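Please look over the sequence and the structure shown below before reading on.

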Amino acid sequence: MPLRYMLLIYLHKMNRLFNIFRLSVVCLSVVMLVSCLDNDDNRQSVTFNNMAVTVSGNELEGYRLYTDFDAVLVPSNLSQISWLKEVRRAVVSFDTSDESLTNVSDLESGHTYDIVLSEAAEIPTYISCVDTLSEDYQIFGQDSIALKNKAVQSVNQTEGQYYIQNGYMNVVPTFYFDPYSAVSFLLYYDGNRDIDTTGKKATFNLYFDNNAPNAWNTTSSLISLRMPDEVYSRFIQTGLTDDDTIDVCLNVRTQTGTVTLEYKTALEDFMLP
């Protein structure tokens, strides 16, 4: 049975990156940076705080952190926070020796900056995306999305809280959870109805299951969801290029009804750095 449908049917076996302990800690406060490094008394205070990044690289070529506005950060002290090498998305705080950089607007898209990390926290990141019309889902899915999908409490509709960058869709739902149960999110879509290559529009739906019948804790958390390569390929095959833009909608089922978020993005934003 394909792994992604086992994930839907047996949510307690979700990606090991989201074991109960880590997920409950991160979801309680994603903006709390939970991995603090020892500070040098002679070092200046942290210049940049709570910056979302996509982690990319390997031991041979080194690691880089790609901000959501396309600046590239090269940390000199990653060995002190080595778990960061194993995650896909994170929020970081850091110092830089460049005294000309005093605020976020000084960091330019496409430029690379040497930094010293001070704090970091993992952003809950989910990589599954399901075409409900696919043969695999029709055979193995057992209608698990319809059976287990739950409503979140609400979703942040403020401008800038829903966006796509560096291969990930980012959104901030508020939801109930049980600290002893794993929380699951993923994207799903109807491959015929939801992907409109002629109209340059893709529509996704947010799946949520807190795996707990009586969860009463509530939290708001930034989450990142991997954009599907197969949808990117369908648009490229029509003759569009990475620079072409499409509309990407996300339907979120909330306790007060379905909310549709909209964002216009370049196709290149579907891809990892």
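At 7% relative accessibility, Asn 166 counts as buried, where buried means under 20% relative accessible area, exposed means over 50%, and partly exposed covers what lies in between (1.4 Å probe, protein chains only). Asn 166 sits in the loop between strand 10 (163-165) and strand 11 (168-171); helices (H or I, at least four residues) and strands (E, at least two) are DSSP runs, numbered from the N terminus. Although Asn 166 is not a glycine, its phi is positive, at about 55 degrees.

Asp 70 likewise has a positive phi, of about 75 degrees, without being a glycine. This residue lies in the loop between strand 3 and strand 4, and with a relative accessible area of 31% Asp 70 is partly exposed.

## Basis of the values

This is a predicted model, in which local features need pLDDT of at least 70 and side-chain atom pairs count only at pLDDT 80 or more, whereas totals for chains, interfaces and linings use all residues. Residues are numbered from 1 along each chain as its sequence is written, and side-chain values use heavy atoms, with hydrogens and water left out.

## Salt bridges

Side chains of opposite charge can pair when their charged atoms come close. A salt bridge is taken here as a side-chain nitrogen of Lys or Arg within 4 Å of a carboxyl oxygen of Asp or Glu, and a search of the whole structure finds seven of them. One of these joins Lys 85 to Glu 59, with the closest N and O atoms 3.0 Å apart. Lys 85 lies in the loop between strand 4 (72-75) and strand 5 (89-95), and Glu 59 in the loop between strand 2 (48-58) and strand 3 (62-67), so the pair ties together parts that are 26 residues apart in sequence. Within this pair, Lys 85 is partly exposed at a relative accessible area of 22%, while Glu 59 counts as exposed at 58%.

Another salt bridge is formed by Asp 247 and Lys 264, whose closest N and O atoms are 2.9 Å apart. Asp 247 belongs to strand 18 and Lys 264 to strand 19 (residues 257-266), so this contact ties together parts that are 17 residues apart in sequence. Asp 247 counts as partly exposed, at 30% relative accessibility, and Lys 264 as exposed, at 53%.

## A linked group of charges

Asp 190, Arg 193 and Asp 194 are linked in a network of salt bridges. Within it, the side chains of Arg 193 and Asp 190 meet at 3.8 Å, N to O. Arg 193 is exposed, with a relative accessible area of 62%, whereas Asp 190 is buried, at 12%.

## A negative surface patch

Which residues form the negative surface patch? The patch is made up of Asp 70, Asp 242, Asp 243 and Glu 268. Patches consist of residues with over 30% relative accessible area and no salt bridge, with like charges joined within 9 Å and nonpolar side chains (Val, Leu, Ile, Met, Phe, Trp, Tyr) within 5 Å. Asp 243, one of the patch residues, lies in the loop between helix 5 (229-236) and strand 18 (245-254), and Asp 243 is exposed, with a relative accessible area of 62%.

## Cysteines

How many disulfides are counted? The count comes to zero, a disulfide being a pair of cysteine sulfur atoms within 2.5 Å. Cys 129 is buried, with a relative accessible area of 5%, and Cys 249 also counts as buried, at 5% relative accessibility.

## Buried strand residues and their partners in space

Thr 67 is found in strand 3 and is buried, with a relative accessible area of 0%. Thr 67 and Ser 109 are 42 residues apart in sequence, and their C-alpha atoms are 8.8 Å apart in space.

Thr 174 has its place in strand 12 (residues 173-177) and is buried, with a relative accessible area of 15%. Between the C-alpha atoms of Thr 174 and Val 155, which are 19 residues apart along the chain, the separation is 5.8 Å.

Definitions and conventions. Areas by Shrake-Rupley, 256 points an atom, 1.4 Å probe, with all protein chains shown as cover. Lys, Arg positive; Asp, Glu negative; His and termini not counted. Charge placed at Lys NZ, Arg CZ, Asp CG, Glu CD.
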